[in-house]
Amino acid sequence: MALTGLEIFKLLPKTNCKKCGRPTCLAFAMQLAQKKANLTDCPDVSEEAKNVLGAASAPPIKLITLKAGEKIFKVGEETVLYRHEEKFHNPTGVGVTIRDDLDGGAFSERLKKIDGLKFTRVGTEIGIDIIAVQNMSKNVEKFSSATKMVADNSHLALILMSDSVENMRSALDVCGNKRPLLWSANAQNYEGMARLAKEKNCPLIVSAPRLEELADLTEKIKSLGVSEMILDYNSARLKDVLQGLTKVRRAALKKNFRPLGFSTITYVKENDGYQEIIKASTYLAKYAGIVVLDVCEPWQIMPLLTVRQNIFTDPQKPVQVEPKLYQVGQANENSPLLFTTNFSLTYYTVEGEVEASRTPAYILAVDTEGTSVLTAYSGDKLNEKVVAKAMANAKVEEKIKHKKLIIPGLVAVMTAKLKEELGWEILVGPKEASGIPSYLRSTWS
Ligand code: SF4
């Protein structure tokens with residue numbers, strides 16, 4: 001059971017020394033109870049208190065880390081059911097499978113393709129995190145040589161998929177500097193898998209078709225000395241998996257039910273590639289910690305990563321670009337000047353269209369606290385004074401000879417006031433960014 005703030009307070013030194021960064025021990029105790037502080041922040045806590053508080057202050061969903069060279073992939077340690085309550089912390093890991101029974105050429109080709117699944121979207125690099133080696137051959141040599149090939153040639157974190165403890169052991173011996181996740185322990189093999197996971201210090205996936213069985217298995221595995229687990233509630237039906245994922249999350253966060261206090265994983269396999277992505281997106285939204293798929297075409301993976309990027313932003317912090325003057329192409333003093341807001345999505349959409357127009361230009365990203373054009377205008381974060389200030393800060397007049405400013409068509413209503421404030425000619429651009437290429441070609445020639 002979780003301890004209350006007052007119960008925790010009774011176990012602290014009560015010196016109010018502030019070394020933990022909080023004004024009093026009581027304030028620290030309250031934050032510990034709400035899982036907003038870490039016990040290690042107090043350097044003076046006694047060993048006895050550590051023993052009692054250590055377990056009680058542990059996060060309701062255990063953090064698991066996978067190592068791939070210098071890169072660390074993290075999953076778990078979530079604190080809320082709904083994103084708007086705070087934010088989701090560790091983005092759902094996206095993994096793609098590779099079978100160990102593919103012949104040499106096909107294996108290398110798929111490995112190269114999977115390893116290259118990264119894209120740039122709204123100024124951020126997004127990509128998959130994990131490659132999952134499947135022991136489809138059931139053969140020990142094939143599995144370990146496929147694992148070695150992946151470990152040596154991929155920058156991604158690794159999952160090893162085999163029911164055989166012996167095959168898993170031989171693959172683990174060739175993982176190099178990776179710390180893989182073992183998939184999986186089930187009712188039949190959990191003792192051997194748990195011993196191996198403990199010996200090799202690797203996290204373990206626990207699989208069962210019912211939540212009661214999962215809870216039972218995690219307790220048994222914990223008693224064998226393994227504390228890092230991920231849950232695989234394996235059902236073929238979307239409805240059942242979704243229900244299972246939601247129940248696990250609720251049990252961990254709302255009831256602090258330790259046997260299910262772990263992150264989750266799902267493996268999505270469909271004959272139809274579109275269906276696979278739809279299912280994976282559904283699990284990613286609620287509440288899979290890792291989603292593993294078979295498909296690996298860029299056009300299939302990109303939408304899934306886009307969904308993830310949108311869900312795992314902090315809802316209290318709009319995604320922003322630095323408010324300043326941006327140069328697109330070889331812009332010079334005669335190039336057009338457009339302004340937009342510093343909301344990332346808006347800015348990069350405009351930038352993409354200006355690039356597509358092949359007209360070198362300047363874009364002034366006006367600081368509207370990361371809100372879009374209409375939102376900023378209606379909230380008075382975008383007006384003639386704000387634009388004038390942004391132009392002065394960016395020293396626009398030192399870089400541009402002409403005095404023409406292209407404004408978003410959605411705020412054409414600002415024209416007169418802007419003209420008066422700046423003394424510039426105001427040109428009303430298109431309402432949609434997609435109209436920018438033809439607009440620039442026709443007006444700026
Ligand atoms: S560091 Fe420890 S003793 Fe000092 S105020 Fe914080 S909780 Fe209290």
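Modeller: We begin with the overall layout of this predicted model. The C-alpha centres of domain 1 and domain 3 lie 51 Å apart.

Biologist: Which residues does the domain assignment give to each domain?

Modeller: The assignment gives residues 5–56 to domain 1, 64–311 to domain 2 and 325–443 to domain 3.

Biologist: How should I read the strands of a sheet?

Modeller: In general, the strands of a sheet pair through backbone hydrogen bonds, and the pairing is either parallel or antiparallel. In this structure, eight strands with parallel pairing close into a barrel, in the order β3-β6-β7-β9-β10-β11-β12-β13. From one strand to the next, the twist averages 25°.

Biologist: How many bridges pair strand β11 with strand β12?

Modeller: Two bridges pair β11, residues 229–233, with β12, residues 263–268, in the parallel sense. Within this pair, Leu231 has Thr264 of β12 as its bridge partner. A helix also packs on the sheet: α5 touches β3 (93–99), β6 (130–134) and β7 (157–161), and its direction makes about 165° with that of β6.

Biologist: What is the order of the strands in the open sheet?

Modeller: The open sheet has three strands in the order β2-β1-β8, and their pairing is antiparallel. β2 (71–75) and β8 (178–179) stand at the edges with a single partner strand each, so one side of each has no neighbour in the sheet. Strand β1, residues 64–68, runs antiparallel to β2 and is joined to β2 by five bridges. As an example from this pair, the bridge partner of Leu66 in β2 is Phe73.

Biologist: Which residues make the contact between α5 and α6?

Modeller: Helix α5 contributes Val140, Phe143, Ser144 and Thr147, while α6 contributes Glu166, Asn167, Ser170 and Ala171. Sorted by class, the contact of these helices has three nonpolar, four polar and one charged residues.

Biologist: Finally, what surrounds the ligand?

Modeller: The ligand is surrounded by 13 residues, and the closest are Cys17, Lys19, Cys20, Cys25 and Cys42. The residues of this shell divide into seven nonpolar, two polar and four charged.

Note on methods: Residues are numbered from 1 along each chain as its sequence is written. This is a predicted model: local features need pLDDT of at least 70, side-chain atom pairs count only at pLDDT 80 or more; totals for chains, interfaces and linings use all residues. A residue is near a molecule or strand if its C-beta atom, placed from the backbone, lies within 6 Å of it. Ala, Val, Leu, Ile, Met, Phe, Trp, Tyr, Cys and Pro count as nonpolar, Asp, Glu, Lys and Arg as charged, and the others, Gly among them, as polar. Domain bounds come from an automatic or database domain assignment. Two residues are in contact if their C-beta atoms, placed from the backbone, lie within 7 Å. Helices (H or I, at least four residues) and strands (E, at least two) are DSSP runs, numbered from the N terminus. Two strands pair if DSSP finds at least two bridges between them. Axes are lines fitted to C-alpha atoms, for helices over the stretch in contact, and angles run from 0 to 180 degrees between N-to-C directions.
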